[in-house]
Amino acid sequence: DLQPDHDYLISLDEAEQSTISAKVLSDGNVLAEASHLVDVLAYDQWAGMRALPELLAAFCMPNSRVVDKLLGKASTILRGSAPDASMNGYQSKNREKVWKQTSALYSALIAEDLQYSNPPASFGTHGQKIRTPERIFDGRVATCLDLAMLFAACFEQAGLRPVVLFKEGHAWVGVWLIDTC
């Protein structure tokens, strides 16, 4: 029964190396023991493709207040182009309406005039820190992965299904135009 110190873990700003040790005892006798080095990552650090790449999903934060504001702006943009349109995900069962929602979200994000920052070398393999939506908007700067995760959060909150794609040194976000995955 591991009982990690959650306050310590959330306060980590940089990765640290630690050791996990275990002993198997029977009647006071040590039957086996082992120690393994582990990397303890900062709360905002993704390990990349080297270990459990699917943990990237933890950095998609659709309940962020920033995402709500972007959805509100996107809804206004969408209604400006088609008064009867709404951010209703796949409810219309119409790819064109989903495309318009996607376009409105893109326009809302572009209007924020965020500045692009290059990711660290080899981020796909070794991972990188990922800014939360609030940090992106506070600093007004983001890497391609930061923006992909912000955009994915907006899609998810709008009821759409995002997908994050990688190529060496770059990340993109996409969305299904029909309700599938």
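Start by selecting helix H6, residues 144–157: phenylalanine 151 and phenylalanine 155 both sit in this helix, four residues apart, or about one turn of the helix. The model on screen is a predicted one.

**Stop 1**

Show the side chains of phenylalanine 151 and phenylalanine 155. Are these two residues buried or exposed? Phenylalanine 151 is buried, and phenylalanine 155 is buried as well. A pair of aromatic rings is described by the distance of the centres and the angle of the planes. For phenylalanine 151 and phenylalanine 155 the centres are 4.5 Å apart and the planes make an angle of 20°. The pair counts as stacked because planes under 30 degrees apart are put in that class.

**Stop 2: the ring cluster**

Ring pairs link Tyr106 with Phe151 and Phe155 into a cluster. How many aromatic pairs does the structure hold? The count is three.

**Stop 3: valine 24 in strand E1**

Move to strand E1, residues 16–26, and pick valine 24, which has its place there. Is valine 24 buried, partly exposed or exposed? The relative accessible area of valine 24 is 44%, so this residue is partly exposed: the class lies between the 20% limit for buried and the 50% limit for exposed.

Next, display what surrounds valine 24. With neighbours within four places in sequence left aside, valine 24 has contacts with Asn29, Val30, Leu31 and Ala32. Then select alanine 34, ten residues from valine 24 in sequence; their C-alpha atoms are 9.1 Å apart in space.

**Stop 4: the whole chain**

The secondary structure consists of six helices and eight strands. Traced along the sequence, these elements give the pattern α-β-β-β-α-α-β-α-β-α-β-α-β-β.

Orient the view along the principal axes: the C-alpha atoms fill a box of roughly 75 × 35 × 30 Å. The radius of gyration is 21 Å, whereas a compact globule of 181 residues would come near 16 Å. Among contacts with a separation of 6 or more, 59% join residues 24 or more positions apart.

**Stop 5: surface and charge**

Of the 181 residues, 35% count as buried.

Finally, colour by charge. There are 16 positive and 22 negative side chains in the protein. How far apart do the centres of the two sets lie? The separation is 12 Å.

Notes. Residues are numbered from 1 along each chain as its sequence is written. This is a predicted model: local features need pLDDT of at least 70, side-chain atom pairs count only at pLDDT 80 or more; totals for chains, interfaces and linings use all residues. Side-chain values use heavy atoms; hydrogens and water are left out. Helices (H or I, at least four residues) and strands (E, at least two) are DSSP runs, numbered from the N terminus. The radius of gyration is taken over C-alpha atoms; the globule rule is 2.2 Å times the number of residues to the power 0.38. Buried means under 20% relative accessible area, exposed over 50%, partly exposed in between (1.4 Å probe, protein chains only). Contact means heavy atoms within 4.5 Å. Lys and Arg count as positive and Asp and Glu as negative; His and the chain ends are not counted. The place of a charge is taken as NZ of Lys, CZ of Arg, CG of Asp or CD of Glu. Rings of Phe, Tyr and Trp (its six-membered ring) pair if their centres lie within 6.5 Å; planes under 30 degrees apart count as stacked, over 60 as edge-to-face and the rest as tilted.
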